[in-house]
Amino acid sequence: MLQSLLADDVGFASGRPVASMSTEPHSLGVEVFSRSMEKNAGRFHTFAGSAKVEREVIDMIGDLLHLAEPFGTTTSGGTESNILAMLSHREAARKKTGMREIIASKTVHASVDKAAWILGMKLVKTEVDDQFKAVPDAIEHAIGPNTVGIFATAGTTYLGQVDPIEEIADIASKHRLPLHIDAAFGGFVIPFLNDLGIGHHAFDFQVDGVTSVSTDPHKMGLGPIPCGCILFRSERHLKTVTRQVPYLRGASAFQPTLLGTRPAGSILGTWAVMKHLGRSGYRSIVRQCMKRTMNIKDRVEPSSTLSLAIQPVMNILGIKTKVVSLELATQKMEDRGWRIDLSPLPPTMRIVVMPHMTDGTVNALLNDLEEAAGTVPSD
Ligand SMILES: Cc1ncc(COP(=O)(O)O)c(C=O)c1O
């Protein structure tokens with residue numbers, strides 16, 4: 001029965017999900033996770049070995065993000081990390097009365113809206129430039145007496161764009177505000193783009209004024225779902241999101257997560273994948289994804305029916321249609337079995353070139369895209 005219900009799932013092995021930010025997890029992570037089903041990261045007093053592994057994952061991610069002494073936690077993903085980041089901003093400004101405000105550009109991920117909603121805060125959204133990057137002046141202009149923090153993104157969901165983090169960090173420091181960087185996707189991409197000389201983006205703790213960064217091993221880190229991570233520059237920030245759980249003991253008694261019971265297996269799986277791949281393994285995965293991204297760009301650019309919203313910054317492309325509507329082209333792609341998304345800003349079809357996309361998939365995708373975007377509907 002279960003198998004027949006699951007027949008409707010479109011798995012990564014089919015190559016058809018082409019807008020997802022997750023992928024087939026690395027087989028090593030899957031094996032480790034499958035052997036660790038009983039382990040509960042909400043009970044690190046009992047699973048003290050797993051707690052040590054979590055610490056090592058945090059340290060490895062700290063190393064990746066230029067923070068020698070990271071304070072942080074693994075999470076269920078980018079959404080939980082953003083909620084924790086916003087909570088830390090709110091709690092650090094407890095003395096402020098009135099509706100506390102967070103400033104972020106319009107391209108911030110939807111989980112930041114969700115965080116503001118849950119935490120009873122106001123999200124003030126600022127303009128983006130013609131490359132869909134946050135505009136630092138607009139952020140500074142939006143700062144008011146109720147502002148308690150700023151969010152910026154390194155690897156936007158819609159286009160993989162990187163906000164001007166250094167300029168935003170200067171503004172945050174000048175106004176003594178905490179700055180969270182959402183690198184849910186970009187955290188496992190940008191360091192390797194920098195290594196490969198494909199781009200240079202200072203986005204992490206290298207930049208003074210950045211107070212927290214989140215990134216998700218379960219996206220380009222190839223770890224099993226669920227595994228996200230948020231790191232804080234100082235222990236003070238982590239403490240603001242940590243609560244005592246009075247009925248638990250030792251390492252379980254103070255939890256910096258939203259969740260109580262949560263799988264340790266995906267953290268252990270992530271540890272194994274990170275150790276196994278190392279920096280060079282991730283670098284070659286990013287190189288491969290970027291090669292395929294550029295193959296798509298090279299076919300879309302001269303097309304008479306398709307165009308690119310911006311030059312790809314990382315392995316995400318925003319594609320526009322010139323003849324038929326985006327909705328129609330997207331529906332045709334869906335009818336052909338592709339799982340593709342539409343982004344609102346700018347209106348585009350979103351393609352995320354994850355490791356499960358082979359050269360064959362890219363070719364088939366482009367052939368279908370050209371056909372789907374090419375016929376004017378006869379009405
Ligand atoms: C920039 C960014 N932040 C946060 C998230 C949310 O991540 P998750 O779905 O793991 O909660 C995403 C997901 O696409 C994202 O792109």
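**Ligand shell.** I looked up which element gives the largest share of the shell around the ligand, and found helix α4 (residues 78-92), with three residues. The model I am reading is predicted. I counted 14 residues around the ligand, of which Gly77, Gly78, Thr79, His109 and Ala184 come nearest. I then sorted the shell by class: nine residues are polar, three are nonpolar and two are charged.

**Helix α5.** Next I went to helix α5, residues 110-119, and asked which of its residues are buried. They are Ser111, Val112, Ala115 and Ala116. Looking down the axis of α5, I see these buried residues within an arc of 145°, so they line one face of the helix. On the other side of α5 I noted Ala110 and Trp117 as exposed. I also checked what the buried residues of α5 pack against. Just after α5, I recorded a positive phi of about 65° at Gly120.

**Helix α11.** I repeated the check on helix α11 (residues 326-335), where Ala329, Thr330 and Met333 are buried. Their arc around the axis is only 100°, which puts them on the same side of α11. Glu327 and Asp335, on the other side of α11, are exposed. For the cover over the buried residues of α11, I listed β11 (316-321), β12 (341-343), β13 (348-352) and α12 (359-372) among the elements involved. Just after α11, I found Gly337 with a positive phi of about 100°.

**α2 against α10.** Last, I looked at how helix α2 (residues 27-34) meets helix α10 (residues 265-300). Their axes come within 8 Å and cross at roughly 145°. I noted the crossing of α2 and α10 as right-handed. From α2, the contact takes in Leu28, Gly29, Val30, Val32 and Phe33. From α10, I listed Gly265, Ser266, Leu268, Gly269, Thr270, Ala272, Val273 and His276. How many residues of each class make up the contact of α2 with α10? I have seven nonpolar and six polar residues, and no charged ones. The ligand shell, by contrast, does hold charged residues, two of them.

Definitions and conventions
Residues are numbered from 1 along each chain as its sequence is written. This is a predicted model: local features need pLDDT of at least 70, side-chain atom pairs count only at pLDDT 80 or more; totals for chains, interfaces and linings use all residues. A residue is near a molecule or strand if its C-beta atom, placed from the backbone, lies within 6 Å of it. Helices (H or I, at least four residues) and strands (E, at least two) are DSSP runs, numbered from the N terminus. Ala, Val, Leu, Ile, Met, Phe, Trp, Tyr, Cys and Pro count as nonpolar, Asp, Glu, Lys and Arg as charged, and the others, Gly among them, as polar. Axes are lines fitted to C-alpha atoms, for helices over the stretch in contact, and angles run from 0 to 180 degrees between N-to-C directions. A crossing is left-handed if the near helix is turned anticlockwise from the far one by less than a right angle, and right-handed if clockwise. Two residues are in contact if their C-beta atoms, placed from the backbone, lie within 7 Å. A residue is buried if 20 or more other C-beta atoms lie within 10 Å of its own, exposed if 12 or fewer, and partly exposed in between; C-beta atoms are placed from the backbone. The arc is that of the directions from the helix axis to the C-beta atoms.
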